[in-house]
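Please keep the sequence and the 3D view at hand while reading.

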Amino acid sequence: AMDGYKGFLGLLVSALLVGFLSVIFTLVWVLHYREGLGWDGTALEFNWHPVLMVTGFVFIQGIAIIVYRLPWTWKCSKLLMKSIHAGLHTVAAILVIISLVSVFDFHNALSIPNMYSLHSWVGLTVVILYILQLVLGVFIFLLPWAPLSLRALVMPMHVYSGLLIFGTVIAAVLMGVTEKLLFALNSSGYSKFPPEGVFTNTLGLLIVVYGALIFWIVTRPQWQRPKEPNS
Ligand code: ASC
């Protein structure tokens, strides 16, 4: 059991490090290689989009997914852990919504058409599914009203949808990064291996590794919270 615990800590610290580094890389991208941050309808406002998506939709969502696996929380009440799980997802959802406002605002200010790219189709779909999953999760699992039979029926779908959403978010982020690099560097610039291209490709890889670590942690049966009777 102690070996399993050490293995868990190593992976958890690695995941948190890679996730945190992804956020830092995104900030360096927009602050050093791009125009910086602002809220004025220009590229400075657009730049909040990647920062808030990587912070909320990738990093915080990933932590929210694995909160039940932390062995030192297994003695905490289930209600407290559910509140932390739902609370982190709510914080992520708020950052995601602000992030969407920043892109639409930027597009509208410059008369750039909305919702034409595959990135935007996959991205907006997964935002809607995320909010639906959050609302259904709160009503079925957090609030005390739903019967145990309904909870047991919906739980496998909640777990499946959650992981599908997390994976699809990472796919949407990778498309967004690629799209932005092609716009910003123009295709011939990108193909010359400029520092921004190499740096931001590395950001994409970090996000894939973060997703892989979260997916590994959450799918280990030995790190599941011990199930208490009648819950
Ligand atoms: C809950 C909760 C669980 C699941 C379980 C359904 O609300 O605390 O452990 O749903 O009852 O399988």
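How many residues does α3 have, and how far does α3 reach from its first C-alpha to its last? Helix α3 has 19 residues and reaches 26 Å from its first C-alpha to its last, close to the 27 Å expected at 1.5 Å a residue, where the expected span of a helix is 1.5 Å times one less than its number of residues.

## Basis of the model

This is a predicted model, in which local features need pLDDT of at least 70 and side-chain atom pairs count only at pLDDT 80 or more, while totals for chains, interfaces and linings use all residues. Residues are numbered from 1 along each chain as its sequence is written, and side-chain values use heavy atoms, with hydrogens and water left out.

Helices, here and below, are DSSP runs (H or I, at least four residues), numbered from the N terminus. Helix α3 bends by about 30° at Ile60, the bend at a residue being the angle between axes fitted to the seven residues ending there and the seven starting there. Helix α3 is also mostly covered, with 17 of its 19 residues buried; buried means under 20% relative accessible area, exposed means over 50%, and partly exposed lies in between (1.4 Å probe, protein chains only).

Helix α6, which spans residues 148-190, has 43 residues, but its end C-alpha atoms are only 54 Å apart, short of the 63 Å that a straight helix would reach at 1.5 Å a residue. A kink of about 75° is centred on Ala184 in α6.

## Aromatic pairs

The structure holds nine aromatic pairs, a pair being two rings of Phe, Tyr or Trp (its six-membered ring) with centres within 6.5 Å, and with planes under 30 degrees apart counted as stacked, over 60 as edge-to-face and the rest as tilted. One of the pairs is formed by Phe8 and Trp72, whose ring centres are 6.5 Å apart and whose planes stand at 70°, so this pair is edge-to-face. Because Phe8 lies in helix α1 (residues 2-33) and Trp72 in the loop between α3 (48-66) and α4 (78-109), the pair ties together parts that are 64 residues apart in sequence. Phe8 is buried at 0% relative accessibility, whereas Trp72 is partly exposed at 45%. Ring pairs also link Phe8, Trp72 and Trp223 into a cluster.

In a further pair, the rings of Phe57 and Tyr130 have their centres 4.9 Å apart and their planes at 65°, so this pair is edge-to-face. It links distant parts of the chain, with Phe57 in helix α3 and Tyr130 in helix α5 (residues 118-142), 73 residues apart. Phe57 is buried, with a relative accessible area of 3%, and Tyr130 is buried, with a relative accessible area of 4%.

## A charge over a ring

Arg220 lies over the face of Trp216, at 3.5 Å from the ring centre. A charge sits over a ring if NZ of Lys or CZ of Arg is within 6 Å of the ring centre and within 35 degrees of the ring normal.

Gln61, found in helix α3, is buried at 1% relative accessibility, and its side chain reaches the backbone oxygen of Phe57 at 2.8 Å. Such a polar contact is a pair of N or O atoms within 3.5 Å; within protein, one must be able to donate a hydrogen and the other to accept it, and residues adjacent in sequence count only if both atoms are side-chain atoms. Not counting residues up to four places away in sequence, Gln61 touches Gly56, His89, Ala92, Tyr130, Gly162, Ile165, Phe166 and Val169, where contact means heavy atoms within 4.5 Å.

Thr26 lies in helix α1 and is buried at 1% relative accessibility. A polar atom of the Thr26 side chain lies 2.7 Å from the backbone oxygen of Ser22. With its neighbours within four places in sequence left aside, Thr26 is in contact with Pro50, Val51, Val54 and Leu203.

## Partly exposed positions

Leu44, in helix α2 (residues 43-46), is partly exposed at 25% relative accessibility. Leaving aside neighbours within four places in sequence, Leu44 is in contact with Glu35, Gly36, Leu37 and Gly38.

Val208 is found in helix α7 (residues 195-218) and is partly exposed at 38% relative accessibility. Ser77, in the loop between α3 and α4, is partly exposed, with a relative accessible area of 42%.

Key: Helices (H or I, at least four residues) and strands (E, at least two) are DSSP runs, numbered from the N terminus.
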